[in-house]
Amino acid sequence: MNTKAEAFSSFLNEKAITDYQLKELPDDDQNTVVFGTNIVVEGDQLPTWVILGDSPFVTIRVLILNNAITMDNEMQLMYFVNGLNRGFRPFKMYFDGDGALVMEVCWTTNGSTQENYSTLGNEIYRELDIIITYLKQNYKNWMKDIL
């Protein structure tokens, strides 16, 4: 397990947070570890991943809607997502290769030792709080526009 993942895992243990599933990616040159959970918004469970590796980046990825793009709505959704990306800078929305709508936030960290990441858990949870607040304010309207 990489150093950032160890630091986040320690944070989760210290706070007795147990709703994450940990997955180490085999044969990954960045020693990536994915912590999976769900964010519940408007009764929907949105799969959410905290992605930590040996790179300087921390990524949080939220699956907003599977199979969002159809033949009938592709252009409309492209304009919709571009508008969101222009209007709110911390998060970026995109469509994955299967047409699912994904929201992502990524930032850099410094250091390489456990001590360098002593506040990483708090940083990740601060971002998750911002994501949850943003989703609670916008998700319902997005679904009206998308569906």
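Does Asn2 count as buried or exposed, and at what relative accessibility? In this predicted model, Asn2 counts as buried, at 3% relative accessibility, and its place is in the segment before α1. A polar atom of the Asn2 side chain lies 2.7 Å from the backbone nitrogen of Ala5. When neighbours within four places in sequence are left aside, Asn2 is in contact with Asn31, Thr32 and Val33, as well as with Leu52, Gly53 and Asp54.

Six strands form an open sheet, in which the order is β1-β2-β3-β4-β6-β5 and the pairing is antiparallel. Because β1 and β5 stand at the edges and have a single partner strand each, one side of each is left without a neighbour in the sheet. On average, and with direction ignored, neighbouring strands of this sheet are turned by 25° against each other. Within the sheet, β4 and β6 pair in the antiparallel sense over eight bridges, and Val62 stands opposite Met103 in β6.

Not counting residues up to four places away in sequence, Thr59 touches Trp49, Val50 and Ile51, together with Glu104, Val105 and Cys106.

The largest nonpolar core comprises 41 residues, of which Ile64, Met103, Ile124, Leu135 and Trp142 touch the most other members. At least two residues of this core are supplied by each of α1 (3-14), β2 (33-41), β3 (44-52), β4 (57-65), α2 (74-87), β5 (92-95), β6 (101-108) and α3 (120-146). Helix α3 contributes the largest share, with ten residues. The surroundings of Trp142 can be listed in more detail: not counting residues up to four places away in sequence, Trp142 touches Ile64, Phe80, Leu84, Met93, Met103, Tyr134 and Leu135.

Aromatic rings were examined next. A pair of aromatic rings is described by the distance of the centres and the angle of the planes. The structure holds seven aromatic pairs, one of which is formed by Phe8 and Phe35 in an edge-to-face arrangement, with 4.9 Å centre to centre and 85° between the planes. This pair links distant parts of the chain, since Phe8 is in helix α1 and Phe35 is in strand β2, 27 residues apart. Phe8 is buried, with a relative accessible area of 0%, and Phe35 is likewise buried, with a relative accessible area of 1%. Tyr20 and Tyr125 also form an edge-to-face pair, with 6.5 Å centre to centre and 65° between the planes. Here again the pair links distant parts of the chain, with Tyr20 in the loop between α1 and β1 (21-24) and Tyr125 in helix α3, 105 residues apart. Tyr20 counts as buried at 14% relative accessibility, whereas Tyr125 is partly exposed, with a relative accessible area of 22%.

Note on methods: Residues numbered from 1 in each chain as written. Predicted model: local features only at pLDDT ≥ 70, side-chain atom pairs only at ≥ 80, totals over all residues. Heavy atoms only, no water. Core = buried A, V, L, I, M, F, W, Y, C linked by side-chain atoms within 4.5 Å. Buried < 20%, exposed > 50% of the residue type's maximum accessible area, 1.4 Å probe, protein only. Helix = DSSP H or I, 4+ residues; strand = E, 2+ residues; numbered from the N terminus. Contact = heavy atoms within 4.5 Å. Polar contact = N/O pair within 3.5 Å; in protein donor to acceptor, adjacent residues only side chain to side chain. Phe/Tyr/Trp six-rings, centres within 6.5 Å; stacked < 30°, edge-to-face > 60°. Pairing = 2+ DSSP bridges. Axes fitted to C-alpha atoms, helices over the stretch in contact; angles between N-to-C directions.
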